[in-house]
Amino acid sequence: MSGDAPEPASSALLQALPQQLWLLDASLQPSFASPSLLDFLGLSLHELQTLGWRQIIHPLDRLEFDLRWQQALLCGRFEMDYRLRDAEGRYRWQLALAQSLPSQAGQPLRLLGTHTDISARKEAEARLRDADELWKLALESVGDGVWDWYIQEDVEIYSARILQMYGFAESEIKPSPSELDARTHPDDRAQMELDRAAHFAGQAPIYSNEHRVLCKDGSWKWIHSRGMVISRDAQGRPLRMVGTHTDITQRKQAEALIWHQAHFDALTGLPNRRTLRDRLELLLMAADRAGGRLALLFIDLDHFKEVNDTLGHDMGDALLLQAAERIRTCVRPQETVARMGGDEFTVVLSDLRDSAEAEAVAQTIIQAMAAAFHLQEERVFVSASIGISVFPDDGRQIEELFKHADQALYVAKGAGRNRLGHFTPDLQQAALLRMRLSNDLREALSQGQLSLEYQAIVAMESRAICKAEALLRWTHPSRGRIGPDLFIPLAESSGLIIEIGEWVFQRAARQVQDWRQRLHPGLQISINKSPVQFRHQHGQADHDQWVATAQELGLADGALAIEITEGLLLEGDSEVNRQLETLRQGGFLVSLDDFGTGFSSLSYLHQYAIDLLKIDQRFVRNLRPGTKDLALCKAIITMAHELGLQVVAEGVETQEQFELLRSAGCDYGQGYLFARPLPVEAFEQLLRQGKA
């Protein structure tokens with residue numbers, strides 16, 4: 001071929017073929033079009049040349065055509081699906097294929113191509129795609145409400161289940177997206193629109209958002225809305241989207257319970273330690289900027305233990321509730337009153353002129369506590385001891401203020417209680433006394449004053465003993481039995497906990513080896529580990545050695561469990577996580593102790609490798625049918641099981657508590673109902689019995 005048209009013999013042959021054939025030069029000028037193509041277009045060759053090749057292509061396909069044509073000029077081959085306008089002005093899908101023709105020097109580049117009508121295939125593909133995406137989503141969401149949104153037409157069709165979910169009849173809701181958008185909670189609307197826009201823009205493969213919807217009866221219902229765009233126009237704009245609404249109200253309520261417990265005391269409703277620290281940090285920054293004063297009051301109820309021991313925990317809890325209310329009435333509404341645990345409260349006083357204001361408030365609290373507490377038919381008297389530290393006089397950091405308020409409280413209690421103590425340099429003398437006790441603790445290990453006791457942990461279904469917790473005891477030669485709540489903090493602050501913790505591990509590891517060989521092949525011993533042991537500079541090496549020791553003793557996976565507290569996980573330390581992983585890979589289990597007492601967060605359970613949760617005994621203590629504590633325990637158990645964790649309930653003391661926990665699906669129980677902590681010989685006798 002040469003010139004602007006095929007040679008006569010070739011032209012006759014091409015015109016005889018039934019396919020749509022065309023010959024274009026690099027500038028898209030057609031020099032040949034077969035009769036079948038011209039008939040389809042309703043044009044003559046001259047008219048086609050005058051009109052231009054791009055004008056017969058659908059406007060939305062022209063940009064892509066231009067890009068592909070430029071590529072074809074480089075590689076010599078063209079392929080594309082595009083819509084071609086026929087003689088009646090309609091567009092039909094064509095598969096265009098073209099190949100460059102050999103050319104001699106000086107001749108322009110030409111491509112010979114064909115069209116194949118693929119309109120039927122394109123329509124079938126669209127129908128199949130719509131049906132597949134729509135029904136797949138609907139079938140995967142059985143029981144959920146389904147919505148079908150035609151975006152450009154602003155029409156949204158709601159299934160009967162969606163209308164039922166919100167309490168509406170079909171005639172009460174218009175088929176428009178604005179209907180439910182208008183009923184979306186104002187606090188949730190912005191995030192919902194952001195998530196929707198991200199999916200429309202192709203930044204997220206599916207649309208997923210949790211928000212509240214106002215029901216017909218005026219209540220708010222939490223829903224999880226999921227959806228997917230199933231068709232777009234040629235420019236990528238969404239045309240149709242289908243999705244579901246899932247009612248997640250119960251899940252949100254359970255999460256709210258756990259969140260509330262993470263930030264507020266379960267008994268009094270006051271902020272807990274974590275919330276106190278958060279607020280105090282903000283108040284300290286504000287006081288520092290303004291050059292103001294702030295006071296921290298540590299409050300301890302005197303003789304509270306006697307109330308618990310003589311009248312029982314229920315009466316003790318009632319007293320704590322009244323005490324919390326009395327403290328609140330003694331301070332301004334904007335001040336923070338928190339419960340630190342047990343009978344300890346903390347008050348933060350801001351915008352003070354001088355420390356005398358804080359002392360006046362403290363005296364008011366002491367006087368309020370001196371009045372009788374009426375607990376059913378009983379009249380009970382307790383008093384309050386208060387320690388005060390002031391920012392910036394007594395410290396500028398949270399821990400410093402806490403330490404000094406605690407030292408002041410220690411002095412107030414030591415001076416006879418029912419009084420306040422203000423931090424002064426003289427309180428260092430009190431610290432000296434505690435240092436002496438720390439010195440005694442240094443000799444306790446070498447002189448054989450430390451020992452381990454074991455408390456049984458039983459399977460709730462059978463009451464069979466399957467685990468035990470190793471508990472450290474110190475018998476001082478002159479002071480007698482010293483509680484771990486006193487000497488463990490001393491060991492941590494002095495660093496002795498590293499040596500003592502190593503001793504505890506070695507004793508417990510060999511003890512469980514002995515008992516597994518002689519009495520109980522599946523017995524598991526749990527060991528409490530201080531955060532100090534994890535943050536120690538040789539913490540990783542120590543735990544590597546623990547794994548090696550367990551292997552040398554031939555201890556199977558699960559023979560030992562490490563109990564940690566939520567405080568260890570609060571900082572999100574990657575080194576702590578690495579050490580926990582080392583222990584787990586070495587066959588140790590990891591147990592989260594006292595779950596729900598201060599720092600509970602679902603994020604910890606995702607971030608860290610936890611095997612067991614231990615529900616703190618303060619929730620177990622008040623278990624009754626229909627109580628919030630029971631609802632919270634059930635929520636924790638259900639959540640733990642969904643995450644593949646087992647649950648141990650601590651402080652089980654009554655048969656009713658046992659039955660409620662067992663019915664809730666709790667895996668294990670620990671408490672006086674089964675056994676108290678026992679020395680080795682006594683625990684071995686209990687272990688021989690098999691049950692507790």
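Pro392 lies in the loop between β16 (383–391) and α14 (398–414), where helices (H or I, at least four residues) and strands (E, at least two) are DSSP runs numbered from the N terminus. The peptide bond that leads from Phe391 into Pro392 is cis, with omega near 5 degrees. The model is predicted, so local features need pLDDT of at least 70 and side-chain atom pairs count only at pLDDT 80 or more, while totals for chains, interfaces and linings use all residues. Residues are numbered from 1 along each chain as its sequence is written, and side-chain values use heavy atoms, with hydrogens and water left out.

Two further loops hold residues with positive phi. His303 is found in the loop between β11 (293–302) and α11 (304–311), and its phi is near 65 degrees, a positive value in a residue other than glycine. His303 is partly exposed, with a relative accessible area of 38%; buried means under 20% relative accessible area, exposed over 50%, and partly exposed in between (1.4 Å probe, protein chains only). Arg463, in the loop between β18 and β19 (465–476), likewise is not a glycine and has a positive phi of about 65 degrees. The relative accessibility of Arg463 is 21%, and Arg463 therefore counts as partly exposed.

Strand β18 (residues 450–459) contains Ile457. Ile457 is buried, with a relative accessible area of 3%. Between Ile457 and Ala372 there are 85 residues of separation in sequence and 40 Å in space, C-alpha to C-alpha.

An open sheet is formed by five strands in the order β2-β1-β5-β4-β3, with antiparallel pairing; two strands pair if DSSP finds at least two bridges between them. Its edge strands are β2 (30–33) and β3, each of which pairs on one side only. From one strand to the next the twist averages 25 degrees, with axes taken as lines fitted to C-alpha atoms, for helices over the stretch in contact, and angles running from 0 to 180 degrees between N-to-C directions. Within this sheet, strand β1 (residues 20–25) and β2 pair in the antiparallel sense over three bridges, and Leu23 has Phe32 in β2 as its bridge partner.

Another open sheet of five strands has the order β7-β6-β10-β9-β8, again with antiparallel pairing. Here β7 and β8 are the edge strands, each pairing on one side only, and the twist averages 25 degrees from one strand to the next. β9 and β10 pair in the antiparallel sense over nine bridges; Ser231 has Arg240 in β10 as its bridge partner.

A hairpin is formed by β12 and β13, with two residues between them, and Gly342 in the turn has a positive phi of about 60 degrees. β12 and strand β13 (residues 344–352) pair in the antiparallel sense over five bridges, and the bridge partner of Val337 in β13 is Val347. Strand β12 (residues 336–341) is largely enclosed by the rest of the structure, because six of its six residues are buried.

On a 1 Å grid over the protein atoms alone, a cavity is a set of points where a 1.4 Å probe fits but cannot get out, and a pocket is an open set with protein on both sides within 12 Å along at least five of seven lines; lining residues have an atom within 4 Å of a point. Grid points are joined across faces, edges and corners, and a volume is the space filled by probe spheres set on the points. There are four cavities of 30 Å³ or more, and the largest cavity has a volume of about 160 Å³. Of the 16 residues that line this cavity, the closest to its centre are Glu156, Asp181, Arg196, Ser225 and His245. Elements that give two or more residues to this lining include β6 (145–150), β7 (155–158) and β10 (238–247).

The second largest pocket has a volume of about 720 Å³. Among its 24 lining residues, Arg83, Trp93, Arg232, Asp233 and Ala234 are the closest to its centre. The largest share of the lining, seven residues, comes from α5.

Finally, a search of the whole structure finds zero disulfides, a disulfide being a pair of cysteine sulfur atoms within 2.5 Å. Cys666 is in no disulfide, and the nearest cysteine sulfur, that of Cys633, is 8.0 Å away. Cys666 is buried, with a relative accessible area of 4%.
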